Amino acid sequence: MEEELLLLDPLTGRPTALADQVLKTAGRPDTLDYEFKLDQIEVQTRPCGDHDGLLREIIAGRRLADSAARALGARAVPLATSPLGSPSMLAPGLRFARISDEYGITAEEQLTCALHVHVHVNCPEEGVAVLDRIRDWLPLLIALSANSPFWHGRDTGYASFRTQAWNRWPTAGPRELYGTLGAYRAAISAMTGTGVAFDEGMAYFDARLSAKHPTVEIRVADVPLVPEDSALIAVVARALVETAAREAAHGAAPLAQSVSSLRLAAWRASRSGLAGDLIHPMTGVPVPAAEAIDALLCHLAPVLREGNELALAEAGIAALFDRGTGERAQRRAAARTGLRSIADLAASTVDEGGEVDDPDLARERLGDDHLGTGASSSLGG
């Protein structure tokens, strides 16, 4: 997994361009890396075979980045957009400079943080078959991860405004069915042949074959506010890939909704999150979010059950519907004490012990014993 974190000044709550110093302070190039802007940092986990191991990696990576940031008077926090706007600074490198020059304000305003999940596939041909069979389900991951309601100091009305900002890139979003590896490679060649995209790394598709690893890379999710939600998204992503690979092996055809329909589904998920309707992946019609997510769980149940992860996924999704994703926690914090306090909320999810400032979120994550209550109750290429 790759999680992109914002670097914020804890006093102002605004982005701060310290990635160079954070990377030098941490000294862990195997775990931390540049992203497009110096106001963010990428955290990379090692490959993991189960949920618990991955969750430990996520927590350790977030704390490593934040510890280095704190040594410099900043915080590294899981917010998919910055609630308070601020000029951002380009990360070093000729490639980033070229992208910035070509794309103008799209690149200038690009400061968003996503979660990318890599899942192993046996060969590129299997990977393409997987891409054709997961595309219809990916908008639901936007709803499950939504953590970006604010943009440049205002409430956007969206649960995941990162999705809207990201889709300004001309190569972003869902893709057509490929059918074969040759067709996938031809699509990449045609894209770069236009000169609009400089290289394969600018294939900012919702999901793609990794150019560096033997994986399918799923790229639609916001970075979630709490690590448990990141691990849940990864469990769902792994099950999607495995289910798709089995479908392809048995000759099952893709659902094959049009690209325009998938864009509408992604917009709906970005706008509503889990609080309204979502587009059902199998019918293409709006249904209550719980019904669409239930369809996802049913689709993945055989693989999740086989991996002893069905109960875990059901519990994690039930928790999201109960407490909401990061967008709800951000809006509650802003309503209570203003936009700047969202930086404190996000930082508290990284602190040792994991306790968070939002009482509802803390109750769901940690249990009531931690709270003393009687109530019951996760760009560059």
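Keep in mind that the model is predicted.

Let's start with the rings. Searching the whole structure turns up 11 aromatic pairs. Take F36 and F96 as one example: their ring centres are 5.2 Å apart and their planes meet at 90 degrees, so this is an edge-to-face pair. The cut-off for that label is over 60 degrees. Where do F36 and F96 sit along the chain? F36 is in the loop between strand 2 (32-33) and strand 3 (40-44), while F96 belongs to helix 3 (residues 94-103), so the contact ties together parts that are 60 residues apart in sequence. Both F36 and F96 are buried.

Next up is the pair made by W166 and Y204. Here the centres are 5.0 Å apart and the planes are 50 degrees from each other, which goes down as tilted. This pair, too, links distant parts of the chain, 38 residues apart. W166 comes from helix 7 (residues 161-166), and Y204 from the loop between helix 8 (181-193) and strand 8 (207-209).

F36, F96, W166 and Y204 are all members of one aromatic cluster, along with Y103, W169 and F198. F198 also has a charged neighbour: R98 lies over its face, 3.8 Å from the ring centre.

Finally, turn to the backbone. H152 is not a glycine, yet it has a positive phi of about 55 degrees. You'll find H152 in the loop between strand 6 (150-151) and strand 7 (154-155). Its relative accessibility is 42%, so H152 counts as partly exposed. N308 is another non-glycine residue with a positive phi, again about 55 degrees. N308 is in the loop between helix 11 (289-306) and helix 12 (310-323). With a relative accessible area of 70%, N308 is exposed, the cut-off for that being over 50%.

Terms used. Residues are numbered from 1 along each chain as its sequence is written. This is a predicted model: local features need pLDDT of at least 70, side-chain atom pairs count only at pLDDT 80 or more; totals for chains, interfaces and linings use all residues. Side-chain values use heavy atoms; hydrogens and water are left out. Rings of Phe, Tyr and Trp (its six-membered ring) pair if their centres lie within 6.5 Å; planes under 30 degrees apart count as stacked, over 60 as edge-to-face and the rest as tilted. Helices (H or I, at least four residues) and strands (E, at least two) are DSSP runs, numbered from the N terminus. Buried means under 20% relative accessible area, exposed over 50%, partly exposed in between (1.4 Å probe, protein chains only). A charge sits over a ring if NZ of Lys or CZ of Arg is within 6 Å of the ring centre and within 35 degrees of the ring normal.
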